[in-house]
Amino acid sequence: MDKIRILFVCLGNICRSPSAEAVMKALVEKKGVASRFDIDSAGVIGYHEGNPADARMQRHAKKRGYNLTSISRPVKPAVDFNNFDIIIGMDDQNIRDLLYMAPDDDARNKIYKMTSFAGDSQWSEVPDPYYGGDAGFELVLDILEVSCEGLYGFLMKD
Ligand code: 4NP
């Protein structure tokens, strides 16, 4: 069976999308289906390329048992829209940027916003925690944990 290939995208690929990657990997591991997934993350900008996840984000994730191991890289439209089945942005600007990068309708149809999987929660975006305090990083993880459960249900429904 083909793997389900997921790419999570935020602005810098050092806070939200590496966390989404780790939360989703932990979830499919817990469900016993990790081998059916390829999960990666990338940033709209390449400014942090080669860097590990933000130390504050790593610390908050660690408290919940997530190890952020991914290294920042920018989205590569020419390959990523081919190599992934679903491309998930964290906020409305990420979605606008991804739509702009997408080469055609097939690519555009792969783009989703993370909070569209957050059920009937009040969240409409995963807010950028970079310039805020501890609460912002905790909120990111709260939203990602709920959204990853929803995403899992969406992907495994048939
Ligand atoms: P992320 O957070 O998009 O969740 O990785 C940010 C990281 C870096 C910057 C902004 C947001 N920055 O402006 O460098």
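A residue counts as near a molecule if one of its heavy atoms lies within 4 Å of it. By that rule, the ligand here is surrounded by Cys 10, Leu 11, Gly 12, Asn 13, Ile 14, Cys 15, Arg 16, His 48, Asp 128, Tyr 130 and Tyr 131. The model is predicted: local features need pLDDT of at least 70, side-chain atom pairs count only at pLDDT 80 or more, and totals for chains, interfaces and linings use all residues. Residues are numbered from 1 along each chain as its sequence is written, and side-chain values use heavy atoms, leaving out hydrogens and water.

**Ligand contacts**
- An oxygen atom of the ligand is 2.8 Å from an N or O atom in the side chain of His 48; a polar contact is a pair of N or O atoms within 3.5 Å.
- A ligand oxygen atom also lies 3.0 Å from a polar backbone atom of Ile 14.
- For the side chain of Tyr 131, the distance from a ligand oxygen to an N or O atom is 3.5 Å.
- The protein covers 92% of the 350 Å² of accessible area that the ligand has on its own (Shrake-Rupley method, 1.4 Å probe).

**Shell**
- The shell around the ligand holds six nonpolar, three polar and two charged residues; Tyr and Cys count as nonpolar, and Gly as polar.

**Overall fold**
- The protein has six helices and four strands (DSSP runs of at least four residues for helices, at least two for strands).
- Along the sequence, the pattern reads β-α-β-α-α-β-α-α-β-α.
- The C-alpha atoms fill a box of roughly 40 × 35 × 30 Å, taken along the principal axes.

Terms used: Polar contact = N/O pair within 3.5 Å; in protein donor to acceptor, adjacent residues only side chain to side chain.
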